[in-house]
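Okay, I've got one chain to walk you through today. Have a look at it on the screen first, and then we'll go through it piece by piece.

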Amino acid sequence: MSQEFIRPYGGACLTDTNFWCALDATQCPAGTQFLSARLVDMNLRETPVMSCINMASEISEEECGVPSGACGFGQQLICAVSADSCDADSEWVDPDRLRAVAPGVDCRRCVP
């Protein structure tokens with residue numbers, strides 16, 4: 001049986017001045033608001049936040065299992081496709097470094 005993957009980025013975590021893509025509200029740090037892909041599409045279509053939804057649809061099935069990195073917020077890691085997904089309050093952790101510092105964290109372009 002082949003492993004099934006779902007597309008990443010179920011929406012976005014928002015503050016008054018920043019956003020980053022996330023699969024669900026559990027990936028948003030304290031003090032942020034999660035908006036689902038549907039709400040992003042309805043309310044923020046003409047904003048940069050829409051890139052979360054657009055990026056997800058551009059990932060091919062072949063790329064789906066490719067390891068990704070994460071944005072680090074202190075002790076919290078949020079999976080991210082690239083450093084561009086991290087805001088000024090976070091630090092990009094590339095896939096190689098992520099495996100070294102958090103071997104139990106499985107960040108990929110799609111989630112099994």
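Going along the sequence, the pattern reads β-β-β-α-α-β-β-β-α. That comes to three helices and six strands, where helices (H or I, at least four residues) and strands (E, at least two) are DSSP runs, numbered from the N terminus. This is a predicted model, so local features need pLDDT of at least 70 and side-chain atom pairs count only at pLDDT 80 or more, while totals for chains, interfaces and linings use all residues. Residues are numbered from 1 along each chain as its sequence is written, and side-chain values use heavy atoms, with hydrogens and water left out.

Strand β1, residues 11–14, is joined to strand β2, residues 19–22, by four bridges, and the two run antiparallel. For pairing, DSSP has to find at least two bridges between two strands. β1 and β2 make a hairpin, with four residues between them. If you want a spot to look at, Gly-11 has Ala-22 as its bridge partner in β2. Strand β3, residues 33–36, is also joined to β1, antiparallel and through four bridges. There, you'll find Phe-34 of β3 opposite Cys-13.

Now the other strands. Here we have an open sheet of three strands in the order β5-β4-β6, with antiparallel pairing. At the edges sit β5 (76–80) and β6 (91–93), each of them pairing on one side only. On average, neighbouring strands of this sheet are turned by 35° against each other, direction ignored; the axes behind that are lines fitted to C-alpha atoms, for helices over the stretch in contact, and angles run from 0 to 180 degrees between N-to-C directions. β4, residues 69–73, is linked to β6 by three antiparallel bridges, and Cys-71 has Trp-92 as its partner in β6.

Ser-90 counts as buried, because its relative accessibility is 16% and the cut-off for buried is under 20% relative accessible area (exposed is over 50%, partly exposed in between, with a 1.4 Å probe and protein chains only). Leaving aside neighbours within four places in sequence, Ser-90 touches Cys-71, Gly-72 and Phe-73, contact meaning heavy atoms within 4.5 Å.

Last, the whole chain: 36% of its 112 residues count as buried. And among contacts between residues at least 6 apart in sequence, 54% join residues at least 24 apart.
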